Amino acid sequence: MIPRYSRPVMTAIWAPENRYRIWFKIEALACEAMAKYDFIPKESAKNIRENGDKAMATFNAEDVAKIDAIEAKVRHDVIAFLTWLAENIGEDSRFVHMGMTSSDVLDTCLSVQLTQAADILLEDLDRVLEALKKRAFEHKYTLTIGRSHAIHAEPVTFGLKLAGYYAEFARNKARLLQARQEIATCAISGAVGTYAHIDPRIEIYVAEKLGLSAEPVSTQVIPRDRHAAFFATLGVIASSIERLAIEIRHLQRSEVREAEEYFHPDQKGSSAMPHKRNPVLTENLTGLARIVRSHVVPAMENVALWHERDISHSSVERMICPDGTITLDFALNRLASVIEKLVIYPERMQENIESLGGVVHSGEVLLALARAGLSREQSYRIVQRSAMETWTKLGKPEGKSFRENLESDPEITGRIDSSILDKAMDGSMHVQNLDHIYQNVFGETGPKPKN
């Protein structure tokens, strides 16, 4: 991934230095296990560990270049590494990789890297959740208009909007925890996965030391349905990021302006129009979400390998594993920052609620008329007639409010007390059950309304 959309903490996982250190750790642990069960001399396992640790302690870009040079000749990445390692270990290197195949190292290493990446992504999700909860509590009672089909519907609160996103990202965290568990597998089973040349106890030992579980049937490679599930989860998280980003982008539109990204004092919005304050961060998040989702299909297609193995998945994973996790890590942190700094305009929200002359209360007026004794069909006809009269004459000299049109309707005049309309058009009804929702989402009701 390009540096612009990368954080060092995640890119370090996919750096060659980390990969080779994991490869050595797998090989060293396998040797320790073989020594434990008397397959190789204990002294040899000790030497392999000590000499290898010394080499890895100073491992740097020059060593990576040496391995690359060997690979250029032998055309095999694991053999190139083992050749370099043997030069640093000496005679006991003959016991390294004994009974193992390349996939034992490659797939187990990938599992370690993906679990490392998942742990960072889980921390990222916690930051997003914390930001959403804080702002949801802050604006629990901030009335705003709810929209369906992008058209004014009925009032909600801005806190309730954020509570919905909090619940969604909480589900995403649960999904990622499950995906992490599924991907955290180890395969040390040898050629075609039969353990013909290596004892199964070696795999169990290595798995436990690495914090992984042993793959039940590895067929030489760890089955790629696990990886497909992992990347599908990343794709779902990316879609949730985009949904929230699009909401903010809409709210920042000039005609709406209910919320907007924080605009830094020295920030410039346009090279041609100095007045511009564009939602560039959330637009960027929409684009990054597309990148993460684009990795899901290749991961799915990697499931269908030939027989016990082929390497058609390898080139795909060399790209989607670093790029997918690095991009999502960056996006989650950018999203958290946007929410933390989001500028919210409650007064503008109230103006928008009232901008259609009160028709947003039509649903409750309909119910009020029905409760007062009118049929539902009659009530709907009266309310729609008054609402359309209000809607079509908004801003015109002859235009009246929804309330005025209702009160002048001959089917209501003298039959419906004004107190009924007062109650039906009181926005407080839209917050009366917030405690129930907040308890469901957060496990607590949060702040009480200010008097």
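Is D409 buried or exposed? D409 is buried, with a relative accessible area of 4%. The model discussed here is a predicted one. In total, the structure holds 32 salt bridges.

**Salt bridges around D409 and R385**

- D409 forms a salt bridge with R385, and the closest N and O atoms of this pair are 2.9 Å apart. The pair links distant parts of the chain, its two residues being 24 residues apart. D409 lies in the loop between α16 (402-407) and α17 (418-424), whereas R385 belongs to helix α15 (residues 376-392).
- D409 counts as buried because its relative accessible area of 4% falls under the 20% cut-off. R385 has a relative accessible area of 36% and is partly exposed.

**Other salt bridges**

- D38 and K42 are joined by a salt bridge in which the closest N and O atoms are 2.9 Å apart. D38 and K42 are both exposed.
- R94 pairs with E91 in a salt bridge, with 3.6 Å between the closest N and O atoms. This pair counts as a salt bridge because the nitrogen and oxygen lie within 4 Å.
- R94 is partly exposed at a relative accessible area of 49%, while E91 is exposed at 67%. The two labels follow from the cut-off, since exposed means over 50% relative accessible area.
- As a general point, side chains of opposite charge can pair when their charged atoms come close.

**Nonpolar surface patch**

- I151, M388 and W391 make a nonpolar surface patch of about 290 Å².
- M388, one of the patch residues, is located in helix α15. The relative accessible area of M388 is 41%, so this residue is classed as partly exposed.

**Helix packing**

- Helix α14 (residues 362-371) packs with α15 at an angle of about 140°, and the two axes are 9 Å apart. The arrangement of α14 relative to α15 is therefore oblique.
- The crossing between α14 and α15 is right-handed.
- Helix α6 (residues 102-138) and helix α12 (residues 312-341) cross at roughly 15°, and their axes come within 8 Å. Helices α6 and α12 are therefore roughly parallel to each other, as angles under 35 degrees are placed in that class.
- The crossing in which α6 passes α12 is left-handed.

**Positive phi angles outside glycine**

- A150 is not a glycine, yet A150 has a positive phi of about 70°. This residue sits in the loop between β1 (143-148) and β2 (151-157). With a relative accessible area of 56%, A150 is exposed.
- Q220 likewise is not a glycine and has a positive phi, here of about 85°. Q220 is placed in the loop between β4 (213-214) and α9 (225-251). In contrast to the exposed A150, Q220 is buried, with a relative accessible area of 10%.

**Residue pairs separated along the chain**

- Q350 is part of helix α13 (residues 346-354) and is partly exposed, with a relative accessible area of 30%. Q350 and E258 are 92 residues apart along the chain, and their C-alpha atoms are separated by 9.2 Å.
- A187 is found in the loop between β3 (185-186) and α8 (200-210). Its relative accessibility is 0%, so A187 counts as buried. A187 and E215 are 28 residues apart along the chain, with 5.6 Å between their C-alpha atoms.

Technical notes
Residues are numbered from 1 along each chain as its sequence is written. This is a predicted model: local features need pLDDT of at least 70, side-chain atom pairs count only at pLDDT 80 or more; totals for chains, interfaces and linings use all residues. Side-chain values use heavy atoms; hydrogens and water are left out. A salt bridge is a side-chain nitrogen of Lys or Arg within 4 Å of a carboxyl oxygen of Asp or Glu. Buried means under 20% relative accessible area, exposed over 50%, partly exposed in between (1.4 Å probe, protein chains only). Helices (H or I, at least four residues) and strands (E, at least two) are DSSP runs, numbered from the N terminus. Patches are made of residues with over 30% relative accessible area and no salt bridge: like charges are joined within 9 Å, nonpolar side chains (Val, Leu, Ile, Met, Phe, Trp, Tyr) within 5 Å. Accessible areas come from the Shrake-Rupley method with a 1.4 Å probe; for residues, only the protein chains shown count as cover. Axes are lines fitted to C-alpha atoms, for helices over the stretch in contact, and angles run from 0 to 180 degrees between N-to-C directions. Angles under 35 degrees count as roughly parallel, over 145 as roughly antiparallel, 65 to 115 as roughly perpendicular and the rest as oblique. A crossing is left-handed if the near helix is turned anticlockwise from the far one by less than a right angle, and right-handed if clockwise.
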